[in-house]
Every structure is written in structure tokens, then in C-alpha cells.
Amino acid sequence: MPSTPHFKHDLRLAAHVRACAHDGQVVLLDLQRSRYLGVGGPLAATLAPVISGWPGHDNCPHVGTSSQADTEVLAAPLMRQGLITRDTAPSSARAVLPEAAQTLSAEPLIGTAPVGASRILRFLRSYASATACLRLCSLLSIANRVAARRIRAVTTGRVNHLPLGGEVAAYLRLRPLMFTAHDRCLQDSLTLLEFLAVERWYPNWVIGVATQPFRAHAWVQTGDLVLSDLHENVRRYTPILVA
């Protein structure tokens, strides 16, 4: 009886690609091109054992019934798009957050949150910075900047540990000056991140996806606490990027 072939697992997700599984599909996010790609269940399951970083890869046996050549034919379109690679360099660790379980209750504070000249100026600068990033930078550059800023602050001990409910309430009070959050989740989440960073708060930036139909959403979260949305809402999405 012929033995089951053992694949040489030298394929991996490219460094600028993030992936997650949702409702039986695998979704890939190309951070350089700001594009999503969905991979259907049967193909996703076939590729899982042979692509490092693929959702479910660590739980798949590194054997299969198809030849390696056949599997690589299936993987070829992803390689041509630069989504997977033969690069043998180990992937950098991905940030992981607890599942969203709480919502910051800033709404009751909005009416009384002070919004003097300094906060208005900070909001306008934060909005301008987020707008420029979204127009000129890739999601990869933005995510790297957000993560590097937090790491630098933690390393140097320059992190504000005071409650931030008042700051988020002030942001929510000022937000209608420039935009509403409806269908502007990237703008909203990045502006809030910039607004908080001035006072040395560095929560995480999260992008999540859902399928059937496909949709993506961005929010701000620290631990299991959601700052820019309701936790019940963001739990409908599977995080694909945590920065």
C-alpha cells in the first residue's frame, strides 16, 4: 500500500497579509493594497495544512491525499497575487485581544464633557491626521504606525492609566463637527486613536470581517472593552487585524 505523501511545508502567508476564518470561509486582507479576498470552504480546507499562518494550519495534520504539485496548482493564484510566499523568514507575532465583552459607557458624559479650545484643536488635528493617513498610506503603514507607537510608549513608560471615559465623551461630542460615524468606521476609529494618543492613551485598532454578505468594520478596543462601538455589534465580526 503506498504511503500518504508528506508535504514540504514551505508556503506561508506573506508578511503584509492577515487572515481569519468566518462562517466556513477564509478571508485574506492584503494590507498593502487594502483589498480583501474570500476563499471558499473546500479550497480553504485543502490549503490549510500546507500554508503556514493559514487559519487552522496548526490544527491540521501535515499530510494529505493530494500530491504537493496538485496543491501548489491550487495555491498558484494566491502566489501570483503576492498573498502567499516561499519566504522562510518566521512571521512576526500577531497581536491578539480578548473577545469584546464590554462597551465604554461614555454616552451619559457627552453633555457635560468639557470641549474647550485645546480639545477642539486636538480633535481637528486628529481628524486631519487620520484623513491624511487614509488618503496617502496603506493599511499596512497605518497598522505599523499604531502598533509601533504603543510599543514605544509602553517601553518608555509613557502610558496614561487614568480612566478615559471623559476623553471619549469629549471626542463623541466633537465628532459631529466633521463627520458622523455612519459608514465611516475607518475615519472614526483612526481619528479617535489620534485624539487619545495626544494624552498618551494607546488602545488597539481592530478591523473585523463577516461574510454572507461580506462586510468589514473597524473599531477601537482596549482589552475586552470597546471604545468606539457597542461590543454586541463588533462581536458579529471576526477580527482580521489587531494593531
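Is Trp219 buried or exposed, and what is its relative accessible area? Trp219 is buried, at a relative accessible area of 2%, where buried means under 20%, exposed over 50% and partly exposed in between, with a 1.4 Å probe and protein chains only. Before I go on, please keep in mind that this is a predicted model, in which local features need pLDDT of at least 70 and side-chain atom pairs count only at pLDDT 80 or more, while totals for chains, interfaces and linings use all residues. Residues are numbered from 1 along each chain as its sequence is written, and side-chain values use heavy atoms, with hydrogens and water left out.

Let me turn to the aromatic rings. A search of the whole structure gives 5 aromatic pairs, a pair being rings of Phe, Tyr or Trp (its six-membered ring) with centres within 6.5 Å, called stacked when the planes are under 30 degrees apart, edge-to-face when over 60 and tilted for the rest. Phe123 and Tyr171 make a tilted pair, with 5.8 Å from centre to centre and 55° between the planes. This pair links distant parts of the chain, since Phe123 belongs to helix H3 (residues 117–136) and Tyr171 to helix H5 (residues 165–174), 48 residues apart; helices here are DSSP runs of H or I with at least four residues, strands are runs of E with at least two, and both are numbered from the N terminus. Phe123 and Tyr171 are both buried.

Trp219 has a tilted partner in Tyr237, at 6.4 Å centre to centre and 50° between the planes. Because Trp219 lies in strand E9 (residues 215–222) and Tyr237 in the loop between helix H7 (231–234) and strand E11 (238–242), the pair ties together parts that are 18 residues apart in sequence. Tyr237, at 14% relative accessibility, also counts as buried.

Ring pairs also join Phe123, Tyr171 and Phe195 into a cluster. The charged end of Arg122 sits over the ring of Phe195, 4.1 Å from its centre, and the charged end of Arg215 sits over the ring of Tyr237, 5.7 Å from its centre; the criterion is NZ of Lys or CZ of Arg within 6 Å of the ring centre and within 35 degrees of the ring normal.

Now to the pockets. A pocket is an open set of points on a 1 Å grid over the protein atoms alone, where a 1.4 Å probe fits and protein lies on both sides within 12 Å along at least five of seven lines, and lining residues have an atom within 4 Å of a point. The largest pocket holds about 1000 Å³ of space, a volume being the space filled by probe spheres set on the points. Its lining has 41 residues, of which Ala19, Arg94, Ala95, Val96 and Ile240 lie nearest the centre. Elements that give two or more residues to this lining include E9 and E11.

The second largest pocket has a volume of about 290 Å³. It is lined by 19 residues, and Glu107, Leu227, Ser228, Asp229 and Leu230 are the closest to its centre.
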